Amino acid sequence: MELKRDPRAPMIPERDRDKRPALECVGLGIDFGGLTAVDDFNITIAPTEICGLIGPNGAGKTTIFNLLTKVYRPTRGSIYLDGKDTKSMNTTQANRAGLARTFQNIRLFKELSVLDNVLVGLHNEMDYRVAGALFRLPGYWRAERIAKGRAKELLSIFGMEGMAYHKAGSLPYGSQRRLEIVRALATNPAVLLLDEPAAGMNPAETDDLMHNIKKIQETFQIAIVLIEHDMQLVMGICEGVAVLNYGRLIAKGTPAEIQSNPKVIEAYLGTGGGGDDAAS
């Protein structure tokens with residue numbers, strides 16, 4: 001029997017019922033030439049929700065992340081962050097407003113230390129003027145000291161304080177993934193977007209990742225949206241799951257509802273996904 005839940009309807013955890021949504025997409029869509037990559041995408045993310053965004057390869061998942069973070073400009077529709085329309089924002093402004101992300105392919109500064117990678121993420125909190133940096137005035141050193149303390153604090157939450165002065169590129173794969181998440185958290189986001197965070201991880205690293213995502217939600221009280229192909233991770237950690245196919249939202253529900261939804265089963269086992277994963 002097919003589920004009757006409207007895929008456009010929000011799924012808000014009980015604890016967030018009286019709070020403004022962290023993120024809303026209304027009628028979001030983008031065309032590349034004659035190809036519609038995403039069409040009429042609607043979603044509401046609560047302030048502390050962990051939401052999965054899944055779908056076959058080419059369904060448009062990473063395209064949506066690129067729209068949210070202003071890498072792409074939507075052809076139609078609106079994106080609201082904490083109730084504010086992000087239409088006029090660029091990528092930097094969207095990050096400062098509270099959106100942070102990781103990528104399918106790790107994008108660390110591999111020649112820099114672990115600590116310096118996190119300090120890059122803390123740029124929003126660095127409080128000194130250009131002159132202070134050029135002439136190394138007391139305000140500069142004070143801001144640097146505060147930033148380093150904050151960076152080490154973030155690393156310690158994930159058991160990485162002992163790696164602070166290691167070169168980022170020398171870390172094991174799973175640790176590099178964790179470092180990218182820590183750097184994103186350093187920007188003090190309201191919404192953290194994780195693009196295939198378990199890609200390339202072994203089962204032990206994936207279990208550790210699940211633990212860390214839960215820790216992020218509990219410690220920072222933020223919304224987390226993740227694109228992931230590891231269904232064990234998605235079903236084990238997400239409160240709500242949205243399913244995309246051919247650039248359109250076809251289902252939304254709890255993990256149990258999604259697992260038994262005929263449209264989802266057909267999308268994965270039937271004709272498959274769309275053709276957008278030039279943008280994924």
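Q: What makes 71% of the contacts in the protein join residues at least 24 apart, and how is a contact defined?
A: A contact means heavy atoms within 4.5 Å. Among contacts between residues at least 6 apart in sequence, 71% join residues at least 24 apart. The model is predicted: local features need pLDDT of at least 70, side-chain atom pairs count only at pLDDT 80 or more, and totals for chains, interfaces and linings use all residues. Residues are numbered from 1 along each chain as its sequence is written, and side-chain values use heavy atoms, without hydrogens and water.

Q: How do you know which residues count as buried, and what share of the 280 residues do they make up?
A: Buried means under 20% relative accessible area, with a 1.4 Å probe and protein chains only. By that cut-off, 51% of the 280 residues are buried.

Q: Why are β6 and β10 said to stand at the edges?
A: The open sheet has six strands in the order β6-β7-β8-β3-β9-β10, with mixed pairing. β6 (99–101) and β10 (248–253) each have a single partner strand, so one side of each is left without a neighbour in the sheet. Strands here are DSSP runs (E, at least two residues), numbered from the N terminus.

Q: How do you know that β3 and β8 pair?
A: Two strands pair if DSSP finds at least two bridges between them. Four bridges join β3 (residues 50–54) to β8 (residues 223–227), therefore they meet the definition. The two strands run parallel. Ile50 stands opposite Ile224 in β8.

Notes: Buried means under 20% relative accessible area, exposed over 50%, partly exposed in between (1.4 Å probe, protein chains only).
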